[in-house]
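Have a look at the model first.

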Amino acid sequence: MNEQDQLMQSSFQTRQDHWGKLVSYFCITVIGLLVISIIYFIAARGLNMFIKDGVSLKDFLTGMTWDPTVTDAHGKPEVGAWPMIFTSFAVTILATLVATPLALAVAIFMTELAPKKAASFMQSVIELLVGIPSVVYGFVGLVVVVPFIRHLFGGTGSGILAAVTVLFVMVLPTITSMSIDSLKNVPKNYREASIALGATLWQTIYKVILRSAIPGILTAVIFGMARAFGEALAVQMVIGNAPLMPENLISPASTLTSTLTVGIGNTVMGTLPNDSLWSLALVLMLMSLAFNLLVKLVNKKGVSRNA
């Protein structure tokens with residue numbers, strides 16, 4: 001082989017680059033097809049109740065009674081999902097409202113105030129909380145939280161308050177760890193410039209660091225809400241699983257996920273009770289897509305703000 005042919009022949013690094021691109025494109029295609037298949041599968045089954053069974057979307061979203069095995073006086077199935085939708089949003093919002101201030105306080109302390117050893121210890125605790133399975137949180141809530149609420153307020157102890165307490169502990173490490181990353185990503189010269197202008201440490205934290213990290217903190221809060229909204233097992237163990245509109249924070253209730261996990265094994269594929277559960281799954285999927293869209297919008301505004 002002459003020198004010209006050697007120059008025209010692709011090198012080993014070039015072949016590696018081509019193979020790397022092929023593998024990457026293949027993986028991206030597989031993931032894309034998988035996501036599309038999941039969305040199509042859930043949407044097709046979730047719409048069966050409205051197309052095949054003739055249930056009104058309005059009745060499904062605003063109805064107050066959930067019992068797909070029976071019909072009302074007009075012969076319509078009792079598939080009102082509003083109590084579960086309301087409860088899902090209630091426990092998600094309340095848990096996030098309780099967890100966010102504490103998560104921010106911990107994140108500020110770890111990034112701006114704590115010594116390295118204390119920050120390292122707290123980081124280990126946060127990672128430990130992230131790694132605990134949901135069933136453990138649910139079991140602790142069932143053994144500790146529910147009896148405590150029953151002793152303090154009466155009733156069964158199960159309800160929104162118990163679910164919020166468990167979800168608060170579950171979403172706290174998620175919001176905290178992502179908030180820490182957001183605070184650490186604030187450029188160091190922002191802090192130095194603020195101190196050089198005569199601002200105190202707390203003024204720098206409040207007026208410079210937190211404001212610069214707002215997009216990342218909002219992303220952390222949205223991810224925490226997404227986890228709380230989609231949590232099934234832990235909530236199912238402490239909320240009471242009664243598909244009724246909750247009268248107060250300690251009355252038994254049910255979320256979309258708890259209704260799904262309780263009922264999916266007791267229905268026959270293709271029947272109205274099964275189709276109604278798939279419709280609940282469709283609502284959950286749409287909410288997950290909405291949370292992801294919110295994250296993208298927040299990040300986009302954050303990028304345009306910093307540009």
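Predicted model: local features only at pLDDT ≥ 70, side-chain atom pairs only at ≥ 80, totals over all residues.

Residues are numbered from 1 along each chain as its sequence is written, and side-chain values use heavy atoms, with hydrogens and water left out.

**Aromatic rings**
- The whole structure holds five aromatic pairs (ring centres of Phe, Tyr or the six-membered ring of Trp within 6.5 Å; planes under 30 degrees apart are stacked, over 60 edge-to-face, the rest tilted).
- Phe50 and Phe60 make an edge-to-face pair, because their centres are 5.5 Å apart and their planes sit at 80°.
- That pair links Phe50 in helix α3 (residues 48-51) with Phe60 in helix α4 (residues 57-62), ten residues apart; helices are DSSP runs of H or I, at least four residues, numbered from the N terminus.
- Phe89, Phe229 and Phe291 form one aromatic cluster.

**Charges over rings**
- Arg45 lies over the face of Trp278, 5.7 Å from the ring centre (the cut-offs are NZ of Lys or CZ of Arg within 6 Å of the centre and within 35 degrees of the ring normal).
- Arg211 puts its charged end over the ring of Tyr206, 5.7 Å from the centre.

**Buried spots**
- Phe60 counts as buried at 1% relative accessibility (buried is under 20% relative accessible area, with a 1.4 Å probe and protein chains only).
- Thr100, in helix α5 (residues 82-113), is buried too, at 15%.
- In helix α13 (residues 256-263), six of the eight residues are buried, including Leu256 and Gly263.

How values were computed
Helix = DSSP H or I, 4+ residues; strand = E, 2+ residues; numbered from the N terminus. Buried < 20%, exposed > 50% of the residue type's maximum accessible area, 1.4 Å probe, protein only.
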